[in-house]
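Work through the exercises below on charged side-chain pairs. Try each task before reading its solution.

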Amino acid sequence: MKKQWQLFLVAIMFYSRIRVPTGTPHDGDMLSKATRYLPLVGWVVAAIMIAVAYVFSTFAPRPVTVLLSIIAGVWTTGAFHEDGFADMCDGFGGGWTKEKILEIMKDSRIGTYGMLGLLLLMAMKLLSLMYLPMGQIMFAIFAAQPLSRFSAITIIYTQQYVRENEDSKAKPVSKGITGADLAIAGVFGLLPFFLAIICLQNYTLLLVLPALLLVRWYMARLMRKWIGGYTGDCLGAMQQVAETVIYLCFCILAWKYI
């Protein structure tokens, strides 16, 4: 149990800005194993976002409340996944060969594709959530944060890591994950989603899953076609797209019942 707790702390350390106890052991092998707890990190991020939304909902307008909640999530992760999404937009938008795409994604500067992609993505998150009642907003966040991270983990399980340089931020997880790791991640990723459906008693939300599978299929196909696998930026992009799709599905499937 102590070992698993340490792996969870390593996941918190790598995938968020939350401080962990000094002296927590960590290395590349531990980080690879800690990936199983990435959806559980989503629980933590969701808790922070929901807390912010709950506090500000008592005195702030709905759009402001939702925006502050989104900002809280970005701050908690240090825009870790958003950065990957912007880089993938730039790389796949401006590159026409594997080498050029990887080179562009490695560039720390943001380009037109990345800027517009990130702007539209954030706008979609804001609009999808602000039209829901506060209770449904909180359940949408609770479902989306872990489930979107599980979607990214499925990419690690099925795709090949393509960067060869040792200084890549995703290098420690490039060894892939085992079936047991995937199962553990699946429990933490799917449980909040099913709890949200049960609590809201809106079983049309099960349609989120086929929508997510379709998006995941498209993203994986795009990665295989152009670069032959995934990079750390691709994982961040998968998480962001999945999170946004889940919010959008909640908006479409739950809004009509308001």
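The exercises that follow concern salt bridges and their surroundings.

This is a predicted model: local features need pLDDT of at least 70, side-chain atom pairs count only at pLDDT 80 or more, and totals for chains, interfaces and linings use all residues. Residues are numbered from 1 along each chain as its sequence is written, and side-chain values use heavy atoms, with hydrogens and water left out.

**Exercise 1.** Find how many salt bridges a search of the whole structure gives.

Solution. Start with the criterion: a side-chain nitrogen of Lys or Arg within 4 Å of a carboxyl oxygen of Asp or Glu. The search of the whole structure returns four. One of them pairs lysine 125 with glutamate 82, closest N and O atoms 4.0 Å apart.

**Exercise 2.** Which residues join lysine 125 in one salt-bridge network?

Solution. Lysine 125 also meets glutamate 243, N to O 3.5 Å. Glutamate 243 sits in helix H11 (residues 232-255), so this pair links parts 118 residues apart in sequence. Shared partners join Glu82, Lys125 and Glu243 into one network.

**Exercise 3.** Is lysine 125 buried or exposed?

Solution. Apply the cut-offs: buried is under 20% relative accessible area, exposed over 50%, partly exposed in between (1.4 Å probe, protein chains only). Lysine 125 has 1% and is buried. Glutamate 82 is buried at 6%. Glutamate 243 is buried at 5%.

Conventions
Helices (H or I, at least four residues) and strands (E, at least two) are DSSP runs, numbered from the N terminus.
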